[in-house]
Amino acid sequence: AQAILAQAGFLTHADSPSVGAMGMKYLGAYLMAVLGGKEQPTAENVKEILEAGGIECDDELVNLVIERMDGKTAHELISTGFGKFAACGGGGG
């Protein structure tokens, strides 16, 4: 998941892991909106999803997600970052 955040420009070398973890809920809500049929979700779409789950929103962070995703598609970012997940290993058997 951090590979997708980095690909979208959410993480830099100066960012701490807590910034990335905090951004995950906003990016997750954005991706849920995409799965729900919104090709380019709005800040309102993201906030609606988070608030439905009882999660308080920071407007500045929601707007940051929208700004960083502008002109990008979630599918492209996932495809680009997918190879980075393979490097993490994980399978068993």
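Start with the largest nonpolar core, which has 13 residues. Such a core is a set of buried Ala, Val, Leu, Ile, Met, Phe, Trp, Tyr and Cys residues joined through side-chain atoms within 4.5 Å. Select Tyr 26, Tyr 30, Val 46, Leu 50, Val 62, Val 65 and Met 69: these have the most contacts inside this core. Now colour helix 2 (17-35), helix 3 (43-52), helix 4 (59-69) and helix 5 (74-86); each supplies at least two core residues. Helix 2 gives the most, with 5 residues.

The model is predicted: local features need pLDDT of at least 70, side-chain atom pairs count only at pLDDT 80 or more, and totals for chains, interfaces and linings use all residues. Residues are numbered from 1 along each chain as its sequence is written, and side-chain values use heavy atoms, with hydrogens and water left out.

Next, select Tyr 26. Leaving aside neighbours within four places in sequence, Tyr 26 is in contact (heavy atoms within 4.5 Å) with Val 46, Leu 50, Glu 56, Cys 57, Asp 58, Leu 61, Val 62 and Val 65.

Move to Gly 23, in helix 2. Gly 23 is buried, at 17% relative accessible area; buried means under 20%, with a 1.4 Å probe and protein chains only. Draw a distance from its C-alpha to that of Leu 64: 9.4 Å, across 41 residues of chain.

Zoom out. The protein has 5 helices and 0 strands; helices (H or I, at least four residues) and strands (E, at least two) are DSSP runs, numbered from the N terminus. Of the 93 residues, 28% are buried. Among contacts between residues at least 6 apart in sequence, 57% join residues at least 24 apart.

Technical notes. Buried means under 20% relative accessible area, exposed over 50%, partly exposed in between (1.4 Å probe, protein chains only).
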